[in-house]
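Got your viewer open and a cartoon view loaded? Let's take a walk through this one, one selection at a time.

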Amino acid sequence: MLNVIELNAGYENRKIIENLCLSIKKGEIISIIGPNGSGKSTLLSCLTRYIKPMSGNIFLENENIYSKSIKEFSKKVAILSQHHSVTSNVTVRQLVSYGRLPHKKWYERQNEKDYEIIEQAMKYTNVLHYEDKFVNSLSGGEQQRVWIAMTLAQTPDLLLLDEPTTYLDISHQLELMKLIHTINKEKKINIIMVLHDLNQASEYSDKIVLMKNGKIFAYGSPKDVINCENLRNVYNIKCHICENNNKLMITPIDTCK
Ligand SMILES: Nc1ncnc2c1ncn2[C@@H]1O[C@H](COP(=O)(O)OP(=O)(O)OP(=O)(O)O)[C@@H](O)[C@H]1O
Ligand SMILES: [Mg+2]
C-alpha cells in the first residue's frame, strides 16, 4: 500500500533521511522506533507531505502522493502529530467534526452522513459523553482519544501517529494501544506509528522499522528486529530479552561503556 523509494529529506541544507526505501503491505500495523533525533518524525512528515523530500518518491497505492491535491490526499491519510494542541473554546464535537473537512467543499454544510460518522467516531473512542466539553478542559488521555476520534471522522485508509502514548499513564497507554489495534483490525485502517516503548512496539506491531541516523537499520517482524545486538548497535544499551507466550519482553540493563 505504501512504497518509499530512495527518499532523501531534511531541513534547509541539512539532510536527515538518507536514501531510505520502505515497502509496507496493506492491513499492517507498523511501528517506527529509534533514538531521539534518528529521523522518525522527519520520515512521518514526508509521508504526510508536511515536508517535501529533497529527492525520491513516495507512492500510496501506486500513486505518487504529490499527484493529488492536499484535499484528496487528506481523505486517505490522517495524522496525529507529536506536538498537537488545541486553541481554547473548541468543544469535543467541534474538533471531531474537523475530521470531515477534507470531504466537504468550502460552501458545503455537514449532512446526515457526516453527523453519523462524527457520532460513530465519538462512540468508538468513548468520548461521546463529553462531546460538549472544551477539549483543553480534558485530561491528557481523554484529549488523545478525542484527537483519535477526529482522525477516524476523516475515514482515512492510513493513519500516522507520532508517539501517541507520550504523557499518558500506563493504563491509558494500554487503552490507547488496544484502541489503535482495534481500529486497524475492525476498520481496516493501516497504521504507522512512532513509539519509544519497545515492549509496546513489539506487542502491537506486525512490523517494526528500527531507525538510526536517518536510515533504516532493520525492518521486519518484532522478533526479527528486536534483539540484543540491534538494540546495542542502535541505542547503545545492554538488555535482556525473553519470550513468554509468544510475547517479547525487553528489559534494558545498562548503557554500554
Ligand atoms: N523543523 C526542523 N528544523 C530543523 N531541523 C529539524 C527540524 N525538526 C527536526 N530537525 C532535526 O532533524 C533531526 C531528526 O529529528 P526528528 O524530529 O526527525 O527525530 P526523531 O527521531 O523524531 O526524534 P524524537 O525521538 O526526539 O522525537 C534532529 O537532529 C533535529 O534536530
Ligand atoms: Mg519525533
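Start by selecting residues 228-235, helix α9, which lies across β9 and β10 and runs at about 160° to β10. Contact here means C-beta atoms, placed from the backbone, within 7 Å; axes are lines fitted to C-alpha atoms, for helices over the stretch in contact, with angles from 0 to 180 degrees between N-to-C directions. Helices (H or I, at least four residues) and strands (E, at least two) are DSSP runs, numbered from the N terminus.

Some housekeeping: this is a predicted model, where local features need pLDDT of at least 70 and side-chain atom pairs count only at pLDDT 80 or more, while totals for chains, interfaces and linings use all residues. Residues are numbered from 1 along each chain as its sequence is written, and chains are lettered from A and ligands numbered from 1 in the order in which they are written.

Now bring up the sheet. Its 6 strands form an open sheet in the order β6-β7-β8-β3-β9-β10, with mixed pairing (two strands pair if DSSP finds at least two bridges between them). At the edges sit β6 (77-80) and β10 (215-220), each pairing on one side only. On average, neighbouring strands are turned by 15° against each other, direction ignored.

Next, select β3 (residues 29-33). With β9 (residues 207-212) it pairs in the parallel sense over 4 bridges, and Ile32 stands opposite Val209 there. β3 also pairs with β8 in the parallel sense, over 4 bridges; look for Ile30, whose bridge partner in β8 is Ile192.

Is β8 (residues 190-194) mostly covered or mostly open? Mostly covered: 5 of its 5 residues are buried (20 or more other C-beta atoms, placed from the backbone, within 10 Å of a residue's own). Side chains in a regular strand alternate between the two faces of the sheet. In β8, Asn190, Ile192 and Val194 are buried on one side, and Ile191 and Met193 on the other.

Step over to β7 (residues 158-162), which pairs with β8 in the parallel sense over 5 bridges. Asp162 stands opposite Val194 in β8. From β7, follow the chain through helix α6 (residues 170-187) to β8: this β-α-β crossover is right-handed (with the strands pointing away from you, the path from the first strand over the helix to the second runs clockwise).

Last stop: ligand 1. Its surroundings include Tyr11, Ile16, Gly39, Lys40 and Gln82, each with its C-beta atom, placed from the backbone, within 6 Å of the ligand. Helix α1 (residues 40-47) gives the most to this shell, with 3 residues.

Note on methods: Two residues are in contact if their C-beta atoms, placed from the backbone, lie within 7 Å. A residue is buried if 20 or more other C-beta atoms lie within 10 Å of its own, exposed if 12 or fewer, and partly exposed in between; C-beta atoms are placed from the backbone.
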